[in-house]
Amino acid sequence: MTAPLIPLPETDAPALPNWPVVARFSLPNEAATDALATRLAAVLQAGDTVLLSGSLGAGKTHLARALIRACLGAPAEPVPSPTFTLVQSYDAGASEIWHADLYRLGDPGEVSELGLDDAFGQAICLVEWPDRLAPDWPQEAVLIHMERLPDDSRRVRVFAPQEGKSLTARVLTAFPS
Ligand SMILES: Nc1ncnc2c1ncn2[C@@H]1O[C@H](COP(=O)(O)OP(=O)(O)OP(=O)(O)O)[C@@H](O)[C@H]1O
Ligand SMILES: [Mg+2]
């Protein structure tokens, strides 16, 4: 059984132009992060990108790992952090899953050297430190921003582009307000 997701009230303005907040949650523990991943994985399709932002230790890799395991239907799948490889890919049958950690990206040209350019729009792509891509990040995307609070819970905001995006519509079904 997955833990219930705790919605947060709307208290602050969207941080990205034309990418409003479509959902916000308080995640008291890892199980709550896993529950969010399970809901999101159920609506992801090949060609979707999930951008994961937040400071060191915010929980981005934990969420990516839970998403990959949910997409693969393999709860015990080893999912190492791509801290040094920068990208790691998985075969989920209908789609590949690419997990990227761009913290150590040298220069923006490396994005195509890593094959990420080609993966965007084809695979399910999960990207930690997506600010390294800005402003050219994929548009069939959502941005999940995670913050660690003093009580060790995580505050999560989901941003999505407003106009005509299939992923945004699907995410709204995963997280109805
Ligand atoms: N909702 C949560 N409540 C408490 N702890 C959590 C929650 N979600 C994740 N964590 C824990 O936070 C720790 C740091 O998480 P993680 O390594 O995923 O951070 P990160 O954002 O990827 O950091 P980095 O930028 O350094 O890669 C892990 O021990 C993880 O289990
Ligand atoms: Mg990480």
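Which residues does Ala 160 touch, not counting residues up to four places away in sequence? The first legend below answers this, after two notes on reading the model. This is a predicted model, in which local features need pLDDT of at least 70, side-chain atom pairs count only at pLDDT 80 or more, and totals for chains, interfaces and linings use all residues. Residues are numbered from 1 along each chain as its sequence is written, while chains are lettered from A and ligands numbered from 1 in the order in which they are written.

**View 1. Ala 160 in the loop between E8 and H5.**
Let us start with the opening question: Ala 160 touches Trp 19, Val 22, Val 142, Lys 165, Thr 168 and Val 171, leaving out residues up to four places away in sequence. Contact here means that two C-beta atoms, placed from the backbone, lie within 7 Å. Ala 160 counts as buried because it has 23 C-beta neighbours inside 10 Å. The classes are buried for 20 or more other C-beta atoms within 10 Å of a residue's own, exposed for 12 or fewer, and partly exposed in between, again with C-beta atoms placed from the backbone. Val 111, 49 residues apart from Ala 160 along the chain, has its C-alpha atom 22 Å from that of Ala 160.

**View 2. Helix H5 (166-174) and its buried face.**
Helices (H or I, at least four residues) and strands (E, at least two) are DSSP runs, numbered from the N terminus. Leu 167, Thr 168 and Val 171 are the buried residues to look for in H5. Seen down the helix axis, the buried residues of H5 fall within an arc of 100 degrees, so they line one face; the arc is taken over the directions from the axis to the C-beta atoms. Ser 166, Ala 169 and Thr 173 are exposed on the other side of H5. The cover over the buried residues of H5 includes E2, strand E7 (141-148) and E8.

**View 3. Helices H1 and H2 in their packing.**
The buried residues of H1 include Ala 32, Asp 34 and Leu 36, and the buried residues of this helix pack against strand E2 (21-27), H2, strand E8 (154-159) and H5. H2 is largely enclosed by the rest of the structure, because 10 of its 13 residues are buried. Among them are Lys 60, His 62, Arg 65 and Leu 67. Around the buried residues of H2 are H1, strand E3 (49-53), E4, strand E5 (96-101), E6 and E7. Just after H2, Gly 73 takes a positive phi of about 65 degrees.

**View 4. Cys 125 and the largest nonpolar core.**
A nonpolar core is a set of buried Ala, Val, Leu, Ile, Met, Phe, Trp, Tyr and Cys residues joined through C-beta atoms within 7 Å. The largest one has 47 residues, of which Leu 67, Cys 125, Leu 126, Val 142 and Ile 144 touch the most other members. Not counting residues up to four places away in sequence, Cys 125 touches Thr 49, Trp 98, Ala 100, Ala 119 and Phe 120.

Most residues other than glycine have a negative phi. Trp 129 is partly exposed, with 19 other C-beta atoms within 10 Å. With 8 other C-beta atoms within 10 Å, Asp 152 is exposed.
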